[in-house]
Amino acid sequence: MKTILVLIGGGDRDQTVFETALAAARPLSAHLDFLHIHVGAGEAARHTSAEFARGAGLRDALDKLDTKARSFSEVAAGNFRDFCTRWQIEICDTPAGGQHVTASYREETGDSLERLTFHARHCDLVVMGRAKQKQGLAQDTLERLVLGCGRPMLVAATAAPQRLTGTIMVCWKESGNAARAVAAAMPILAKAKRVVFTSVVERDESVVDAVKDLARQFAWNGVATETQIIPAKGRKIPGMLSAAAEECNADLVVMGAYGRSRARELLFGSCTEAFLHHADRPILLMH
């Protein structure tokens, strides 16, 4: 995990996203590839009330959106420079190698989701904020990227973390999504001081043996592991997992992301969406 894509909007949440990315990059000596999408007025209008304007009102609305887009781009570039100066990060176009974090910055135009997905698929990890996007992007950008880019997504919390590799909680269920999430997170999990495998038992109690087996395999790789089995007892799973993350003081949560159905595959499943709402800590998702 040497190349980390950091999505930068040009807003007040940038620094939290930046520091979350830095917490992931430091133990891996990774390169941070910062990407800002300059969302054109036409595309931004589709995500705002401007799409209902007509005539002179439409022209005025588009002019305002264009002005905002330029402002977002200027702020994004400035935030990147300030961040690198503050943390003494070397700026270079390509990873420099060695045992230190490096960074680069690019700005692109065009279809925002297409450009974001393109670059996400060419890196090892993607970092972005979880708040609904306000810099011209569609509100469901996070969901679409998680379910469509094929790469692990690290979603920042509301506060910047001091580290990600202290205690990591893995939400496990017997599914391909969970297995892919664990495999994608292995470079970070291998650096953790403690990994807690957590599973909620609803009806099939075979998951208990599965979790213990998974933890045993990680222990063979030198990772300190624990297991936590939570009986559902009719309670809501997102709330139980959030409480478990709080109890073990998890610096990072790793979990699979699930779509509601094939007919609505671009929307998060209720469990994933609700957990993002309940658990205010960095979360690594993989679909």
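Student: How many residues does the protein chain have, and what percentage of them count as buried?
Tutor: In this predicted model, the protein chain has 287 residues, of which 53% count as buried. A residue is placed in that class when its relative accessible area is under 20%. The chain holds nine helices and eleven strands.

Student: What do the contacts between residues at least 6 apart in sequence show about separation along the chain?
Tutor: Among those contacts, 77% join residues at least 24 apart.

Student: Why is Ser104 called buried?
Tutor: Its relative accessible area is 7%, and the class requires a value under 20%; Ser104 is therefore buried. Ser104 belongs to strand β4, which spans residues 102–108. Leaving aside residues up to four places away in sequence, Ser104 touches His31, Leu32, Asp33, Phe34, Phe80, Cys92 and Asp93.

Student: Which residues have the most contacts inside the largest nonpolar core?
Tutor: They are Ile4, Leu32, Phe34 and Leu125, in a core of 53 residues. Phe34 touches Val6, Ile8, Phe18, Phe80, Phe83, Ala103, Ser104, Tyr105 and Arg106, again without residues up to four places away in sequence. Apart from this core lies another, of 41 residues, which includes Leu145, Leu147, Leu241 and Ala250. As a general matter, nonpolar side chains tend to be buried together in soluble globular proteins.

Student: What makes helix α5 largely enclosed by the rest of the structure?
Tutor: Helix α5 covers residues 141–148, and six of its eight residues are buried, so the helix is largely enclosed. The buried residues are Thr141, Leu142, Glu143, Leu145, Val146 and Leu147. After α5 comes Gly150, with a positive phi near 75°.

Student: Which residues of helix α4 are buried?
Tutor: In α4, residues 112–120, the buried residues are Ser112, Arg115, Leu116, Thr117, His119 and Ala120.

Student: How do you know that Asp111 caps the N-terminal end of α4?
Tutor: A side-chain oxygen of Asp111 lies 3.3 Å from the backbone nitrogen of Leu113.

Student: Why is Glu114 called partly exposed?
Tutor: Glu114 has a relative accessible area of 40%. Buried means under 20% and exposed means over 50%, so Glu114 falls in between and is partly exposed. This residue lies in helix α4. The side chains of Glu114 and Arg115 are joined by a polar contact of 3.2 Å. The C-alpha atoms of Glu114 and Cys149 are separated by 9.9 Å, although the two residues are 35 residues apart along the chain.

Student: Ser29 and Asn249 both have a positive phi. What is the value for each, and is each residue buried or exposed?
Tutor: Phi of Ser29 is near 50°, and phi of Asn249 is near 55°. In general, most residues other than glycine have a negative phi. Ser29 is found in the loop between α1 (14–25) and β2 (31–37). With 13% relative accessibility, Ser29 is buried, since the limit is under 20%. Asn249 lies in the loop between α8 and β10. Its relative accessibility is 55%, and the limit for exposed is over 50%; Asn249 therefore counts as exposed.

Student: Why is Leu214 called buried?
Tutor: Leu214 has a relative accessible area of 13%, and the class begins under 20%, so Leu214 is buried. Leu214 lies in helix α7. Its contacts, not counting residues up to four places away in sequence, are Trp172 and Phe197. The C-alpha atoms of Leu214 and Thr225, eleven residues apart along the chain, are separated by 9.4 Å.

Student: What lines the largest pocket, and which residues lie nearest its centre?
Tutor: The largest pocket is lined by 21 residues, and those nearest its centre are Trp172, Lys173, Val200, Glu202 and Ile237. Two or more lining residues come from each of β8 (194–201), α7 (206–220), α8 (237–247), β10 (252–256) and α9 (270–278). The volume of the largest pocket is about 560 Å³. By class, its lining has eleven nonpolar, five polar and five charged residues.

Methods:
Residues are numbered from 1 along each chain as its sequence is written. This is a predicted model: local features need pLDDT of at least 70, side-chain atom pairs count only at pLDDT 80 or more; totals for chains, interfaces and linings use all residues. Side-chain values use heavy atoms; hydrogens and water are left out. Helices (H or I, at least four residues) and strands (E, at least two) are DSSP runs, numbered from the N terminus. Buried means under 20% relative accessible area, exposed over 50%, partly exposed in between (1.4 Å probe, protein chains only). Contact means heavy atoms within 4.5 Å. On a 1 Å grid over the protein atoms alone, a cavity is a set of points where a 1.4 Å probe fits but cannot get out, and a pocket is an open set with protein on both sides within 12 Å along at least five of seven lines; lining residues have an atom within 4 Å of a point. Grid points are joined across faces, edges and corners, and a volume is the space filled by probe spheres set on the points. Ala, Val, Leu, Ile, Met, Phe, Trp, Tyr, Cys and Pro count as nonpolar, Asp, Glu, Lys and Arg as charged, and the others, Gly among them, as polar. A polar contact is a pair of N or O atoms within 3.5 Å; within protein, one must be able to donate a hydrogen and the other to accept it, and residues adjacent in sequence count only if both atoms are side-chain atoms. A nonpolar core is a set of buried Ala, Val, Leu, Ile, Met, Phe, Trp, Tyr and Cys residues joined through side-chain atoms within 4.5 Å.
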